[in-house]
Amino acid sequence: MASGTQLVLAIVQEKDAPRLIEQLTASGFQATMLASTGGFLRAGNATVLVGTEAERVERVLEIVRTTCRTREQLLTPVPPVMEPVEVYAAYPVRVRVGGGIVFVLDVVRMERV
């Protein structure tokens, strides 16, 4: 089991980020949100950073799990830039979106300046 300070880095769907930040701050965590973009769907994501003590990491993960659920959505793929638009037939596809990817990292050093 890890000890000391941990950095929780959660990549979540942009739609879920405001509620995640609200739940984290209501539970006493300080969080920073960075806008990011996913590579596959090119959809808006948010990367949420939370620094906390190791014993509180599970609480952060619980909040992420309850606020960032997966769901299905119809998306129309973006045509490749090099293809003429007339050649490319884009049909909506059903994809699973939402949820989150979470990394928990040991923090070697932290300074507030």
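Where is the place of E14?

## Placement of E14

In this predicted model, E14 lies in the loop between β1 and α1, the latter covering residues 17-26.

When residues up to four places away in sequence are not counted, E14 touches G44, N45 and A46. E14 and G98 are 84 residues apart in sequence, yet their C-alpha atoms are 8.6 Å apart in space.

## The sheet

An open sheet is formed by 4 strands, which follow the order β2-β3-β1-β6 with antiparallel pairing. Its edge strands are β2 and β6, the latter spanning residues 100-106, and each of these pairs on one side only. On average, and with direction ignored, neighbouring strands of this sheet are turned by 20° against each other.

Taking the pairs in turn, β2 (residues 31-37) and β3 are joined in the antiparallel sense over 7 bridges, and within this part of the sheet S36 has N45 of β3 as its bridge partner; N45 is also one of the residues that E14 touches. Strand β1 (residues 5-13) pairs with β3 (residues 44-53) over 9 bridges, again in the antiparallel sense, and V48 in β3 is the bridge partner of A10. The pairing of β1 with β6 is antiparallel as well and runs over 7 bridges, with D106 in β6 as the bridge partner of Q6.

## Helices on the sheet

Helix α1 packs on the sheet and touches β1, β2 and β3, while its direction makes about 15° with that of β3. Helix α2, made up of residues 57-67, also packs on the sheet, where its contacts are with β1, β3 and β6, and its direction makes about 5° with that of β1.

The side chains of T52 and E53 are joined by a polar contact of 3.5 Å. As a general point, side chains in a regular strand alternate between the two faces of the sheet.

Key. Residues are numbered from 1 along each chain as its sequence is written. This is a predicted model: local features need pLDDT of at least 70, side-chain atom pairs count only at pLDDT 80 or more; totals for chains, interfaces and linings use all residues. Side-chain values use heavy atoms; hydrogens and water are left out. Two strands pair if DSSP finds at least two bridges between them. Helices (H or I, at least four residues) and strands (E, at least two) are DSSP runs, numbered from the N terminus. Contact means heavy atoms within 4.5 Å. A polar contact is a pair of N or O atoms within 3.5 Å; within protein, one must be able to donate a hydrogen and the other to accept it, and residues adjacent in sequence count only if both atoms are side-chain atoms. Axes are lines fitted to C-alpha atoms, for helices over the stretch in contact, and angles run from 0 to 180 degrees between N-to-C directions.
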